[in-house]
Amino acid sequence: MSALTRDVADRWITRWDRQQEGFLPDREERFTALIDAVAAGVGRPDPLVLDLGCGPGSLSARLLDRLPQARVIAIDTDPLLLSLGRALHAGRDSLTFADLDLRVPGWAARLRLDREVDAAVSTTALHWISEAELRVTYGELATVMRPGGLFLNGDNFSAEDATPVIARLDRALQELETERRFAGNRPEGWRQWWDAAAADPVLGGLKEARDASAAGHHGSESGLLSTHVRVLRETGFGEVGPLWQHGDNRILCAVR
């Protein structure tokens, strides 16, 4: 396998961001609103932030661009995406990537933090974790967050258990907006990106390592808004509710 250089990582992450926008056209608006909430809500210019299910670090990098005094620990278990993030952001001392499985008890203690966490963020990541595993993820998070700390989770949360007709209309509006945005020329999809990565001599070995691990996504195990609200409340968070939304694209906010 050839060396993974910064330029190669930059090219693949740019391509990653583009394919993500194919099914979430207002992705950058979500990023902006989420980072606005961190900036307005933590009460200090140098927060310690966890990025849960960070992928290649797209959200972490944008957060540090806005809050340069922050320190971000970006957590994932995907060897390919972590390698891309580490290669692109090598030398950025305020950003650390941690290979930890958020579904496994004890992940928070393994971070060996030197202070309590001011905020935790996530985007388009935790829906693939089952409800039982979310109890581990959120329960562990609660143990390292300071009182009043914020958890901000941006995702496409469905409310079809409570409002099925409105949820179907949500999906129709999103599809129409996507068609208008890309005029029938959508970016490559999720599967196309991963197939291309597997065929690249630089990334092929990392894709094989990913396939051999438990890092892959297996559908939407906890896509309901009500599931996340309930589990957050049961694991020690106080106020929990949507802070920002555009259709089913929501930022769910929880206060420790």
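**Entry 1. Helix H9**

I began with what covers the buried residues of H9, and the cover includes helix H5 (131-144), strand E5 (145-156), E6 and E7. I count a contact when heavy atoms lie within 4.5 Å. The model is predicted: local features need pLDDT of at least 70, side-chain atom pairs count only at pLDDT 80 or more, and totals for chains, interfaces and linings use all residues. Residues are numbered from 1 along each chain as its sequence is written, and side-chain values use heavy atoms, with hydrogens and water left out.

Helices (H or I, at least four residues) and strands (E, at least two) are DSSP runs, numbered from the N terminus. In H9 (residues 225-234) I listed Leu225, Thr227, His228, Val229, Val231 and Leu232 as buried. Buried means under 20% relative accessible area, exposed over 50%, and partly exposed in between (1.4 Å probe, protein chains only). Just after H9, I noted Gly236 with a positive phi of about 110°.

**Entry 2. Strands**

I looked up E6 (residues 240-246) and E7 (residues 249-255), which pair in the antiparallel sense over six bridges. Two strands pair if DSSP finds at least two bridges between them. Pro242 has Leu252 in E7 as its bridge partner. E6 and E7 form a hairpin with two residues between them, and Gly247 in the turn has a positive phi of about 65°.

I then turned to E4 and E5, which run parallel and are joined by six bridges. Ala119 is bridged to Leu150 in E5. Why is E5 largely enclosed by the rest of the structure? Nine of its 12 residues are buried, so E5 is largely enclosed.

**Entry 3. Positive phi outside glycine**

I found Arg112 in the loop between strand E3 (95-99) and strand E4 (117-123). Its phi is near 50°, a positive value in a residue other than glycine. Arg112 counts as exposed, at 76% relative accessibility.

Thr124 is in the loop between E4 and H5. For Thr124, too, I read a positive phi near 50° in a residue other than glycine. Is Thr124 buried or exposed? Thr124 counts as buried, at 16% relative accessibility.

In helix H7 (residues 190-199) I listed Trp193, Trp194, Ala196 and Ala197 as buried. They are on the same side of H7 because they cover an arc of only 160° around the axis. The arc is that of the directions from the helix axis to the C-beta atoms. Helix H1 (6-23), helix H4 (79-88) and helix H8 (204-212) are among what covers these residues.

I also checked Arg6, which is in helix H1. Arg6 is partly exposed, with a relative accessible area of 48%. Leaving aside neighbours within four places in sequence, Arg6 is in contact with Ala87 and Leu88. Arg6 and Leu88 are 82 residues apart in sequence, and their C-alpha atoms are 4.7 Å apart in space.

**Entry 4. The second largest pocket**

I looked up the second largest pocket, which holds about 180 Å³ of space. A pocket is an open set of points on a 1 Å grid over the protein atoms alone, where a 1.4 Å probe fits, with protein on both sides within 12 Å along at least five of seven lines; lining residues have an atom within 4 Å of a point. Its volume is the space filled by probe spheres set on the points, which are joined across faces, edges and corners.

Which helix gives the most to the lining of this pocket? Helix H6 (residues 164-182) does, with five residues. The lining includes Asn156, Asp170, Arg171 and Arg250.
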